[in-house]
Amino acid sequence: MDRDPNPNGAETFSLINPWIRYFLFLFSFLFWMFSLCIVAIGVYARVQKATDPVRDTFLIDPAIILIVVGVVMFFITYCGCIGALRENIPLLKAFSFSLTLLFLIQLIIAIMGFFYSDQTRDALGRFVKKAIVHYRDDLDIQNLMDYIQQEFRCCGWNNYTDWSWNIYFNCSQGNPSTERCAVPFSCCTPVPIETVINTMCGFGVQTQKYLEAAVSIFTEGCADRAVTWIESHLLFVGTMALGLALPQQIGGIVLSQMLVSQIQNEISSLL
Ligand SMILES: *[C@@H]1O[C@H](CO)[C@@H](O)[C@H](O)[C@H]1NC(C)=O
Ligand SMILES: *[C@@H]1O[C@H](CO)[C@@H](O)[C@H](O)[C@H]1NC(C)=O
């Protein structure tokens, strides 16, 4: 668009394919706007939780992850978008380089996730232990744990006695809590014919033997339940995610490289 008119006055013949250029522009533009949405959601989630007393429960706040991913995506798609629009070689090269880097990082993460599933299980265990300890401190954590236990029909990480990690449910003698030796209601097995829901069904179960407790609660720990589920689904989800993201990245790399070489040809033909 900023090129000099042909000095011979003849019809300008461009070596740049407008379809490639506009497709790359549109494609980057959509993801550029999308990255702004991700940053906005991350900032909103961060501000919402700013008054929360338990902010450092987990290693990284998910809102921070959203903001970082959004900002990185913003700069990458900016390069693709403005690079295609202005036919700017450095921006297009930066776009292609960042996509290649991202592609390699994803591939490494996928391969590591596959080979380090034991470490993944341990990390998940530490996460659930923290969630059990802070169960009463944060409503989000409480909802998450309740959801996990109901969904996977499990209780605690190894088994139901893990609820002693939480000071309210801790089963040691001196504990003054009314919930001593109890487990949360989300551990209770559903009783369909019961007319009045017994919210106290988890009380005192930590003192009971496995078979006795199994009458009222899920006795199996979430480790085995959830990990079995994740292992059977992660392969599918991971394959799907990579299957969708990788072609887009490869498409971006190929198109930007084509555009760069077309612009270079155009420049050398004008010299
Ligand atoms: C629960 O798990 C802990 C740790 O793995 C184990 O020591 C304990 O015996 C288990 N209790 C029951 C009732 O299965
Ligand atoms: C329960 O509380 C006691 C006393 O505070 C503590 O020594 C014990 O380690 C706690 N139990 C668990 C499983 O954390």
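# Close-up views of a helical chain and its disulfides

**View 1. The whole chain, seen through its contacts.** Among contacts in the protein chain with a separation of 6 or more, 69% are between residues 24 or more positions apart. Keep in mind that this is a predicted model. The protein chain holds seven helices and zero strands, so reading from the N terminus gives the run α-α-α-α-α-α-α. Of its 271 residues, 34% are buried. The protein chain exposes about 17100 Å², and carbon and sulfur atoms supply 68% of that area.

**View 2. How the cysteines pair up.** How many disulfides does the count come to? The count comes to four.

**View 3. Cys154 meets Cys222.** These two cysteines form a disulfide, with their sulfur atoms 2.1 Å apart. Where do the two partners, Cys154 and Cys222, lie? Cys154 is in the loop between helix H5 (139-152) and helix H6 (210-213), while Cys222 belongs to helix H7 (residues 222-270), so the pair ties together parts that are 68 residues apart in sequence. Look along the S-S bond of Cys154 and Cys222: the torsion about it is about 90°, which makes the disulfide right-handed. Both Cys154 and Cys222 are buried.

**View 4. Cys155 meets Cys187.** Here the sulfur atoms of Cys155 and Cys187 are 2.0 Å apart, and the two residues form a disulfide. Cys155 and Cys187 each lie in the loop between H5 and H6, so this pair ties together parts that are 32 residues apart in sequence. The torsion about the S-S bond of Cys155 and Cys187 is about 80°, so this disulfide, too, is right-handed. Are these cysteines buried or exposed? Cys155 has a relative accessible area of 0% and is therefore buried. Cys187 also counts as buried, because its relative accessibility is 0%.

**View 5. Cys188 meets Cys201.** A disulfide joins Cys188 to Cys201, with an S to S distance of 1.7 Å. Both partners sit in the loop between H5 and H6, so the pair ties together parts that are 13 residues apart in sequence. To judge burial, remember that buried means under 20% relative accessible area. Cys188, with a relative accessible area of 5%, is therefore buried. Cys201 has a relative accessible area of 15%, so Cys201 is buried as well.

**View 6. Two cysteines to compare, Cys37 and Cys79.** Partly exposed residues fall between the 20% limit for buried and the 50% limit for exposed. Cys37 has a relative accessible area of 42%, so Cys37 is partly exposed. Cys79 counts as buried, because its relative accessibility is 13%.

**View 7. Helix H4 crosses helix H7.** Two packed helices are described by the angle between their axes and the distance between the axes. For helix H4 (residues 117-133) and H7, the axes come within 11 Å and cross at roughly 135°. That angle makes H4 oblique to H7. The crossing of H4 and H7 is right-handed. Which residues make the contact? From H4 come Ser117, Arg121 and Leu124, and from H7 come Ala223, Asp224, Val227, Ile230 and Glu231.

Terms used:
Residues numbered from 1 in each chain as written. Chains lettered and ligands numbered in written order. Predicted model: local features only at pLDDT ≥ 70, side-chain atom pairs only at ≥ 80, totals over all residues. Heavy atoms only, no water. Disulfide = S-S within 2.5 Å. Helix = DSSP H or I, 4+ residues; strand = E, 2+ residues; numbered from the N terminus. Buried < 20%, exposed > 50% of the residue type's maximum accessible area, 1.4 Å probe, protein only. Contact = heavy atoms within 4.5 Å. Areas by Shrake-Rupley, 256 points an atom, 1.4 Å probe, with all protein chains shown as cover. Axes fitted to C-alpha atoms, helices over the stretch in contact; angles between N-to-C directions. Parallel < 35°, antiparallel > 145°, perpendicular 65-115°, else oblique. Left-handed = near helix turned anticlockwise from the far one by under 90°.
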